[in-house]
Structures are given as C-alpha cells and as structure tokens.
Amino acid sequence: MRIGIAFDLKKKPLANLPEDIYEELDSIETVEAIESVLNSAGHETVRLGGGKNFLFSILKTHVDIVFNIAEGWGARSREAHIPSVLELLGTPYTGSDPLTLSLTLDKGMAKRVVMSAGVLTPRFSVIKDAKSINHVQELNFPLIVKPLWEGSSIGIRRDSKVQNFKELKRKLEWLINSYGEPTLVEEFIEGEEVTVGVIGNENPYVIGMMMIKPRIGDPRDFIYSLEVKRNWREEVEYFSPPPLSEQALSELSRSALAAYEALSCRDVARLDFRMGRDGKPYFLEANPLPGLNPETGDLPIMIEKEGIPYAKLILSILDNALRRNRLTAKSRACV
Ligand SMILES: Nc1ncnc2c1ncn2[C@@H]1O[C@H](COP(=O)(O)OP(=O)(O)OP(=O)(O)O)[C@@H](O)[C@H]1O
Ligand SMILES: [Mg+2]
C-alpha cells in the first residue's frame, strides 16, 4: 500500500511570537519512526509535509491513505486543515475528522460536550479579555489559566496555578497579550495526574493508562507545564499502570471511553485527567492527534511501559483507519 505522511516540522519562531508557539509541531525523528514502521510492514511511504506544500504534494501524488500527524497553523481549526482537504479529495486518512479535531482543540467546547455525556470536568470559564475577569466569580481558587486552543503545554508554565484575583489578572493579561486568543480559567484539581490511551472505532478500548508524578516539589502543586515537558527526564516519573485502586482505574477507563465517544474520536486519542478529592477522575482535555515521537511522546512511553511495541501502536492506528474506510492492505495492493 502507498501511504502518504502529513506532518508539520518544528521551526524557530519569529522574534514577535512566543518562544513555545511551535511546541506542538513534530521533529523529523517522529516522521522517520512512523515511516520505518510502515516500511517494515511492507508499505511504501511518501512524505507529503503540511500547509501549502501539502496541497501541492497531495495533488500530484497518488496515495491509498494518509497517515496524519499534521498539527497545522492558525486558530482552533488548524488541526482540521489537512483532514478537510483529504475529505474534499476523497482520500482516506488516519485519525479523527475535522469536526472532532477542532472541537477538542477548543478545550471549553470539549468540556461542554463531555459534561453532556456525564463525564466530570473541573468548573471553568472562558475569558476573552482581562476586563471580563468577573466571569470567574463562581469559581473557587486555586485556579489554572491556560490558552483556550493549544497543546503541548503552550502557554502553561510552572506559575499557571493562581491563588487570588491579583495573580489571575497578571496571568490573564500575559496570556491574552502573548497568544492573542481567549483563555480557559478552571478550578485546579490537586490530585494525581493520569493520561489514558484509547484505540478503536466500533469497540474502542483503553490501550494503557499512565500516571505522571513529579520528582520534586509538592505533588498537589504539580503542573505538567512547558518547563516540565521539556525537562521530563529529570522532573517526572511515569507509572504505567498507575498505582491507583481498582475502582479508580475502572472509573478512569469508563470516563475516557465516554469522552472518546462523546467527542466522536476515531482510531486513537489520549485523554488527560486529574483525580479529584472525591476520588473521581476529572477530564482536562482530549488529544486526538497524540504526540507519536517514540522517545518523548506520552502515548509511546505509556505503551512501552505496558510492554506494547511502538510498531504495534502505529500499525493499530493504520489498521483501524483502513477498516473504517473498508480498505485492506491486501485488497488495495491488488488494485
Ligand atoms: N484543572 C486543572 N487542574 C490541575 N492541573 C491542571 C488543570 N488543567 C491543566 N492542568 C495541568 O496542566 C497540564 C497541561 O494542561 P493541558 O493538558 O490542558 O494542556 P495541553 O497543552 O493541551 O497538554 P498536551 O501536551 O497534553 O496537549 C496538565 O497536564 C496538568 O498537569
Ligand atoms: Mg494535556
């Protein structure tokens, strides 16, 4: 089978942009790792790139399916750009569709949808400018302040947890000025952090769960911030499966699957939770384009700890996309 790979590579931000603005974008090592798995399974791969280059390459290259890891550039629909083009052309691709990719990137929208499916999520408010700070009156401090539609902890720092209105105002002004997008202010959940990997379509299943624990500082203040993600080897320990009660694990699994379904995720996603004081998991956000770097991606780290090879993860994503599109490697190879 001939498989195109859509991706956006990291680059150095222009001086007027925040230094973490391209944090979500991939490294060439991730593309090479995916290629290597697909080639070893007998597939031919074609690098399609992202953005405008992708438009040129997809129009002149025949592929049976696209393995999509492109994060895109722009506002909350950036992850939907490549899938929208592929839908226009009728070309199958791995992962979620444009609606889900946009819905999940906007954390406020995603939270409203999972709430409607009975999944718990911290109470929150979306603030468009620092003058509307009063909209958070109903919320209880401590709060966390995050950009509304980013990932990879873009705009989330060690000091993103705020204890009072003065700190909140300072953080809101910094975020709105730096990133030029609304902010999500939500109640800070001080319990353990667990990320859950889900695979599949008709019968999605939890492929693994991983607790992320700080090596330093009070765990109740822990934020898996930009600084921590960049320095993860020193600052955090990963436990997979998480050392939690059977009941907590089963509630995590149930909540992750309910959120996956409510958000109409396809093929794969990683969903982030914190455990509340009531012992229940609280949904933070969903990642239907989870980082797939074999060394640094949370999902690859998690499955490796569960004893599942990286190649199996990549081939499961492909296999789910092929079956969803009623394609098989064999039938297409004969065409
Ligand atoms: N309500 C909350 N309570 C406690 N911690 C939180 C909360 N929201 C976010 N965090 C902390 O901030 C981190 C980053 O938040 P979040 O997962 O929303 O950002 P992201 O940039 O989308 O992450 P990803 O890298 O998974 O795409 C979380 O992993 C968690 O440690
Ligand atoms: Mg996250």
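## Salt bridges across the chain

A salt bridge is a side-chain nitrogen of Lys or Arg within 4 Å of a carboxyl oxygen of Asp or Glu. The structure described here is a predicted model, and a search of the whole of this model finds 25 salt bridges. In general, side chains of opposite charge can pair when their charged atoms come close.

One of these pairs is formed by the side chains of Asp221 and Lys161, with a distance of 2.5 Å from N to O. Asp221 is partly exposed, at 40% relative accessible area. Lys161, by contrast, has a relative accessibility of 10% and counts as buried, because buried means under 20% relative accessible area.

## Further charged pairs

The side chains of Asp159 and Lys171 also meet in a salt bridge, at 2.7 Å from N to O. Asp159 is located in the loop between strand 5 (143-147) and strand 6 (161-162), and Lys171 in helix 6 (residues 165-179); the pair therefore ties together parts that are 12 residues apart in sequence. Of the two partners, Asp159 is partly exposed, with a relative accessible area of 35%, whereas Lys171 is buried, with a relative accessibility of 3%.

Another salt bridge joins the side chains of Glu19 and Arg230, at 3.1 Å from N to O. This pair links distant parts of the chain, 211 residues apart: Glu19 is in the loop between strand 1 and helix 1 (28-40), and Arg230 is in helix 7 (residues 226-230). Glu19 is partly exposed, with 49% relative accessible area, and Arg230 is partly exposed as well, with 44%.

## The magnesium site

Which residues coordinate the magnesium ion (ligand 2)? They are Asp272, through OD, and Glu285, through OE, at 2.0 Å. Asp272 lies in strand 11 (residues 267-275) and Glu285 in strand 12 (residues 281-287), so the pair ties together parts that are 13 residues apart in sequence. Both Asp272 and Glu285 are buried.

## Strands 1 and 3

Strand 1 (residues 2-6) and strand 3 run parallel and are joined by four bridges. Within this pairing, Ala6 stands opposite Asn68 of strand 3. In a regular strand the side chains alternate between the two faces of the sheet. Strand 3 (residues 65-68) is covered on both faces: Ile65 and Phe67 are buried on one side, and Val66 and Asn68 are buried on the other.

The segment before strand 1 contains Met1. Met1 has a relative accessible area of 12% and is buried. Although Met1 and Asp64 are 63 residues apart along the chain, their C-alpha atoms are separated by 6.5 Å.

## A nonpolar surface patch

On the surface, Leu59, Leu88 and Leu89 form a nonpolar patch, and together they have about 350 Å² of accessible area. One of these residues, Leu59, has its place in helix 2 (residues 51-60). Is Leu59 buried or exposed? Leu59 is exposed, with a relative accessible area of 64%, because the term exposed applies over 50%.

Conventions: Residues are numbered from 1 along each chain as its sequence is written. Chains are lettered from A and ligands numbered from 1 in the order in which they are written. This is a predicted model: local features need pLDDT of at least 70, side-chain atom pairs count only at pLDDT 80 or more; totals for chains, interfaces and linings use all residues. Side-chain values use heavy atoms; hydrogens and water are left out. Buried means under 20% relative accessible area, exposed over 50%, partly exposed in between (1.4 Å probe, protein chains only). Helices (H or I, at least four residues) and strands (E, at least two) are DSSP runs, numbered from the N terminus. Two strands pair if DSSP finds at least two bridges between them. Patches are made of residues with over 30% relative accessible area and no salt bridge: like charges are joined within 9 Å, nonpolar side chains (Val, Leu, Ile, Met, Phe, Trp, Tyr) within 5 Å. Accessible areas come from the Shrake-Rupley method with a 1.4 Å probe; for residues, only the protein chains shown count as cover. Donors are N, O and S atoms within 2.8 Å of the metal (3.2 Å for Na, K and Ca); water is not among the atoms, so sites may look incomplete.
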